[in-house]
Amino acid sequence: MYNWLPCNLAFNGVTPEKCIPYSTWDNFEKFQDNLNMAVDDLSSGVDLVMIYFGYIDTYGHTVGPESPTVAEGIERADKCLGAFFDKLEEKGMFDRANIILVSDHGIIVNPFGVTSCLLQKIHWV
Ligand SMILES: [Zn+2]
(Lines give C-alpha, C1' and ligand atoms only; values in the text may rest on other atoms or scores of the structure.)
Protein backbone atom coordinates (compact mmCIF):
# COMPACT_ATOMS: atom_id res chain seq x y z
CA MET A 1 0.00 0.00 0.00
CA TYR A 2 1.32 3.40 -0.93
CA ASN A 3 0.47 6.75 0.64
CA TRP A 4 -1.89 4.95 2.99
CA LEU A 5 -3.22 5.76 6.42
CA PRO A 6 -3.17 4.05 8.82
CA CYS A 7 -0.65 1.36 7.92
CA ASN A 8 -1.28 -0.66 11.08
CA LEU A 9 -5.03 -1.03 10.55
CA ALA A 10 -5.95 -4.68 10.09
CA PHE A 11 -8.62 -5.77 7.61
CA ASN A 12 -10.09 -9.17 8.50
CA GLY A 13 -7.09 -9.58 10.79
CA VAL A 14 -4.56 -8.88 8.03
CA THR A 15 -2.24 -5.89 7.85
CA PRO A 16 -0.31 -5.00 4.68
CA GLU A 17 3.12 -6.60 4.25
CA LYS A 18 4.41 -3.30 2.90
CA CYS A 19 2.91 0.10 3.60
CA ILE A 20 4.28 3.52 2.73
CA PRO A 21 2.50 5.87 5.17
CA TYR A 22 0.39 8.75 3.93
CA SER A 23 2.47 11.86 3.46
CA THR A 24 0.82 14.08 0.86
CA TRP A 25 -2.22 14.40 -1.36
CA ASP A 26 -0.83 16.80 -3.96
CA ASN A 27 2.64 15.69 -5.02
CA PHE A 28 2.65 14.27 -8.55
CA GLU A 29 6.31 13.25 -8.35
CA LYS A 30 5.55 11.18 -5.25
CA PHE A 31 2.52 9.68 -7.01
CA GLN A 32 4.73 8.68 -9.95
CA ASP A 33 7.36 7.25 -7.57
CA ASN A 34 4.65 5.17 -5.87
CA LEU A 35 3.38 3.92 -9.24
CA ASN A 36 6.93 2.96 -10.24
CA MET A 37 7.51 1.13 -6.96
CA ALA A 38 4.19 -0.66 -7.46
CA VAL A 39 5.38 -2.02 -10.82
CA ASP A 40 8.62 -3.18 -9.20
CA ASP A 41 6.66 -4.92 -6.43
CA LEU A 42 4.28 -6.56 -8.93
CA SER A 43 7.18 -7.79 -11.04
CA SER A 44 8.75 -9.36 -7.95
CA GLY A 45 5.66 -11.41 -7.15
CA VAL A 46 3.34 -9.15 -5.19
CA ASP A 47 -0.27 -9.85 -6.17
CA LEU A 48 -1.97 -6.58 -5.17
CA VAL A 49 -0.93 -2.99 -4.69
CA MET A 50 -3.09 -0.06 -3.66
CA ILE A 51 -2.12 3.59 -4.07
CA TYR A 52 -3.90 6.62 -2.70
CA PHE A 53 -3.69 9.98 -4.47
CA GLY A 54 -6.01 12.74 -3.28
CA TYR A 55 -5.18 15.73 -5.47
CA ILE A 56 -8.29 15.71 -7.65
CA ASP A 57 -10.66 15.00 -4.76
CA THR A 58 -9.17 17.68 -2.53
CA TYR A 59 -9.15 20.37 -5.20
CA GLY A 60 -12.61 19.29 -6.35
CA HIS A 61 -13.84 20.13 -2.86
CA THR A 62 -11.91 23.36 -2.44
CA VAL A 63 -12.06 25.09 -5.84
CA GLY A 64 -14.82 23.12 -7.59
CA PRO A 65 -14.83 20.19 -9.97
CA GLU A 66 -14.93 22.40 -13.07
CA SER A 67 -11.94 24.53 -12.09
CA PRO A 68 -8.78 24.71 -14.25
CA THR A 69 -6.85 23.36 -11.25
CA VAL A 70 -8.86 20.13 -11.31
CA ALA A 71 -8.61 19.88 -15.11
CA GLU A 72 -4.84 20.30 -14.90
CA GLY A 73 -4.70 17.71 -12.11
CA ILE A 74 -6.62 15.19 -14.20
CA GLU A 75 -4.22 15.78 -17.08
CA ARG A 76 -1.17 15.33 -14.86
CA ALA A 77 -2.62 12.23 -13.18
CA ASP A 78 -3.38 10.84 -16.65
CA LYS A 79 0.28 11.31 -17.64
CA CYS A 80 1.42 9.53 -14.47
CA LEU A 81 -0.92 6.62 -15.23
CA GLY A 82 0.31 6.56 -18.83
CA ALA A 83 3.89 6.17 -17.59
CA PHE A 84 2.68 3.46 -15.21
CA PHE A 85 1.03 1.56 -18.08
CA ASP A 86 4.18 1.97 -20.20
CA LYS A 87 6.30 0.51 -17.41
CA LEU A 88 3.92 -2.42 -17.03
CA GLU A 89 4.19 -2.95 -20.80
CA GLU A 90 8.01 -2.86 -20.68
CA LYS A 91 7.96 -5.57 -18.00
CA GLY A 92 5.52 -7.68 -20.06
CA MET A 93 2.86 -7.36 -17.37
CA PHE A 94 0.28 -5.07 -18.93
CA ASP A 95 -1.84 -7.85 -20.44
CA ARG A 96 -1.91 -9.74 -17.12
CA ALA A 97 -2.62 -6.79 -14.83
CA ASN A 98 -6.06 -5.85 -13.55
CA ILE A 99 -6.11 -2.12 -12.92
CA ILE A 100 -8.99 -0.63 -10.96
CA LEU A 101 -9.27 3.13 -10.50
CA VAL A 102 -11.74 4.16 -7.84
CA SER A 103 -13.01 7.36 -6.32
CA ASP A 104 -14.64 7.96 -2.98
CA HIS A 105 -17.49 9.90 -4.65
CA GLY A 106 -18.33 12.13 -7.57
CA ILE A 107 -18.74 15.87 -7.23
CA ILE A 108 -20.91 18.47 -8.95
CA VAL A 109 -21.75 22.14 -8.75
CA ASN A 110 -25.44 22.49 -7.95
CA PRO A 111 -27.68 25.29 -9.36
CA PHE A 112 -26.78 27.51 -6.41
CA GLY A 113 -23.07 27.22 -7.15
CA VAL A 114 -22.36 25.07 -4.13
CA THR A 115 -20.31 21.97 -4.62
CA SER A 116 -22.10 18.78 -3.62
CA CYS A 117 -21.03 15.19 -3.46
CA LEU A 118 -22.95 12.89 -5.78
CA LEU A 119 -23.25 10.35 -2.99
CA GLN A 120 -25.60 12.77 -1.24
CA LYS A 121 -27.81 12.83 -4.36
CA ILE A 122 -28.10 9.08 -4.81
CA HIS A 123 -31.00 7.32 -3.15
CA TRP A 124 -29.59 3.93 -2.24
CA VAL A 125 -31.93 0.95 -2.23
ZN1 LIG B 1 -13.96 13.87 -1.45
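What share of the contacts in the chain between residues at least 6 apart in sequence join residues at least 24 apart? The share is 45%. Contact here means that two C-beta atoms, placed from the backbone, lie within 7 Å.

Two notes before the tour. This is a predicted model, where local features need pLDDT of at least 70, side-chain atom pairs count only at pLDDT 80 or more, and totals for chains, interfaces and linings use all residues. Residues are numbered from 1 along each chain as its sequence is written.

Now the layout. The chain has three helices and four strands. Along the sequence the pattern reads β-β-α-α-α-β-β. These elements are DSSP runs, numbered from the N terminus: H or I of at least four residues for helices, E of at least two for strands. Along the principal axes, the C-alpha atoms fill a box of roughly 50 × 35 × 30 Å. Of the 125 residues, 14% are buried. Buried means 20 or more other C-beta atoms within 10 Å of a residue's own, exposed means 12 or fewer, and partly exposed is in between, again with C-beta atoms placed from the backbone.

Next, helix packing. Two packed helices are described by the angle between their axes and the distance between the axes. Axes are lines fitted to C-alpha atoms, for helices over the stretch in contact, with angles from 0 to 180 degrees between N-to-C directions.

Take helix 1 and helix 3, residues 68-90. Their axes come within 10 Å and cross at roughly 20°. The two helices are therefore roughly parallel, as angles under 35 degrees count as roughly parallel and those over 145 as roughly antiparallel, with 65 to 115 roughly perpendicular and the rest oblique. Who meets whom? From helix 1 come Phe 28, Phe 31, Gln 32, Leu 35, Asn 36 and Val 39. From helix 3 come Arg 76, Cys 80, Ala 83, Phe 84, Lys 87 and Leu 88. By class, that contact has eight nonpolar, two polar and two charged residues. The classes: Ala, Val, Leu, Ile, Met, Phe, Trp, Tyr, Cys and Pro are nonpolar, Asp, Glu, Lys and Arg are charged, and the others, Gly among them, are polar.

Now helix 2 against helix 3. Here the axes come within 9 Å and cross at roughly 175°. That pair is therefore roughly antiparallel. Helix 2 brings Tyr 55, Ile 56, Tyr 59, Gly 60 and Val 63; helix 3 brings Thr 69, Val 70, Gly 73, Ile 74 and Ala 77. Seven of these residues are nonpolar, three are polar and none is charged.

Stay on helix 2. Which of its residues are buried? They are Tyr 55, Ile 56, Tyr 59 and Gly 60. They sit on the same side of helix 2, because they cover an arc of only 125° around the axis, taken from the directions from the axis to the C-beta atoms. Their cover includes helix 3 and strand 3 (107-109). After helix 2 comes Gly 64, with a positive phi near 100°.

Phe 53 lies between helix 1 (28-43) and helix 2 (55-63). Is Phe 53 buried or exposed? Buried, because it has 24 C-beta neighbours inside 10 Å. Leaving out residues up to four places away in sequence, Phe 53 touches Asn 3, Phe 31 and Ala 77.

Then Asn 12, in the loop between strand 1 (2-4) and strand 2 (20-21). Asn 12 counts as exposed, because it has 4 C-beta neighbours inside 10 Å. Its phi is positive, about 50°, although Asn 12 is not a glycine.
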